[in-house]
Amino acid sequence: MESTPDSLVLVQQTGAVRTLTLNRPATLNSFTAAMHAQLLPALDAAAADAAVRAVVITGAGRGFCAGQDLSDPGMVAAGSDIDVGAVIERHYRPLATRVRTMPVPVIAAVNGVAAGAGANFALCCDFVVAARSASFIQAFAKIGLVPDCGGTWLLPRLVGRARALGLAMTGDKLPADEAERIGLIWKAVDDAALQETVAALAQRLAAMPSRALVETRRALDSAMAMDFADAITLEADTQRALGRGHDFAEGVAAFFAKRPPNFKDR
Ligand code: T3D
């Protein structure tokens with residue numbers, strides 16, 4: 001998928017890594033209907049392209065994403081009869097679902113503030129690596145809403161009910177270091193090291209067995225709602241399917257041949 005400097009989502013390919021950059025820096029890359037109309041197709045295109053083995057999502061300028069653009073037409077205005085639920089169904093359900101079901105690992109490179117749906121969009125990704133100057137804000141309560149873009153599901157699973165409620169009810173800014181400390185994100189790194197750290201992680205993931213990584217995501221998420229016996233059944237079913245794939249044979253062959261594996265399954 002092509003992008004121009006004016007695109008609301010910039011698309012760049014480096015080797016097997018597809019980088020999508022949210023590009024509305026003047027409003028901290030807040031989501032508009034127009035941006036959604038480019039973002040979802042960009043993710044779909046990455047998912048459909050066999051040359052893509054890892055996706056990085058980041059933001060242009062000083063922010064990652066400030067959530068819903070509160071001035072975008074279609075946004076609820078006090079006393080209006082606009083259906084905010086319809087905005088979720090039209091934009092945020094497809095976006096969150098797309099990220100959580102990508103056939104390759106997805107990394108959020110959080111370069112600055114991530115607020116509201118922007119924070120939870122990042123948390124939908126498999127890895128969140130944040131610049132130390134970045135922060136996470138569950139801004140919803142401040143405007144009379146609840147966490148969306150998967151936030152109600154993600155937050156308690158990532159940090160437990162007490163912290164999830166605290167973050168969501170106060171809407172306080174959580175600095176990146178603290179977000180790492182409580183397990184909300186994978187890593188906080190020095191600002192100057194963000195790009196390099198994410199590039200190294202993305203390249204490393206791109207060389208790994210994509211299908212096994214994605215099945216790992218699915219199995220871990222599914223097991224959260226299962227008892228132990230059912231989780232083991234799911235492990236057996238998943239190993240059965242993966243065991244028939246190219247990548248398992250290749251991984252074992254490469255191990256014994258003492259050579260790097262060449263994984264292909266997606
Ligand atoms: O229909 C639906 O809406 C349902 C879906 C809801 C999903 C949601 O995401 S709800 C939550 C929406 N987001 C917010 O409430 C966050 C609002 N923004 C902020 O609280 C602050 O901007 C930040 C804490 C994120 C950053 O603060 P700061 O001081 O670093 O920057 P700033 O000066 O506030 O923002 C810079 C500019 O971006 C500013 O514009 P200006 O004054 O320079 O012309 C500001 O108005 C604009 N901006 C920031 N966030 C948004 C925004 N404009 C529109 N919508 C925003 N969300």
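Does Asp191 count as buried, partly exposed or exposed, and what is its relative accessibility? At 42% relative accessibility, Asp191 counts as partly exposed (buried is under 20% relative accessible area, exposed over 50%, partly exposed in between, with a 1.4 Å probe and protein chains only). You'll find Asp191 in the loop between strand 10 (187–189) and helix 7 (194–206). Its C-alpha atom is separated by 21 Å from that of Gln12, 179 residues apart along the chain.

A quick word on the model: it is predicted, with local features needing pLDDT of at least 70 and side-chain atom pairs counting only at pLDDT 80 or more, while totals for chains, interfaces and linings use all residues. Residues are numbered from 1 along each chain as its sequence is written, and side-chain values use heavy atoms, leaving out hydrogens and water.

Now for the surface. Phe248, Val252, Phe255 and Phe256 make up a nonpolar patch with about 480 Å² of accessible area together (patch residues have over 30% relative accessible area and no salt bridge, and nonpolar side chains are joined within 5 Å; a salt bridge puts a side-chain nitrogen of Lys or Arg within 4 Å of a carboxyl oxygen of Asp or Glu; areas are Shrake-Rupley with a 1.4 Å probe). Phe255 sits in helix 10 (residues 246–257), and it counts as exposed because its relative accessibility is 59%. Helices here are DSSP runs of H or I with at least four residues, strands are E runs of at least two, and both are numbered from the N terminus.

Definitions and conventions. Patches are made of residues with over 30% relative accessible area and no salt bridge: like charges are joined within 9 Å, nonpolar side chains (Val, Leu, Ile, Met, Phe, Trp, Tyr) within 5 Å.
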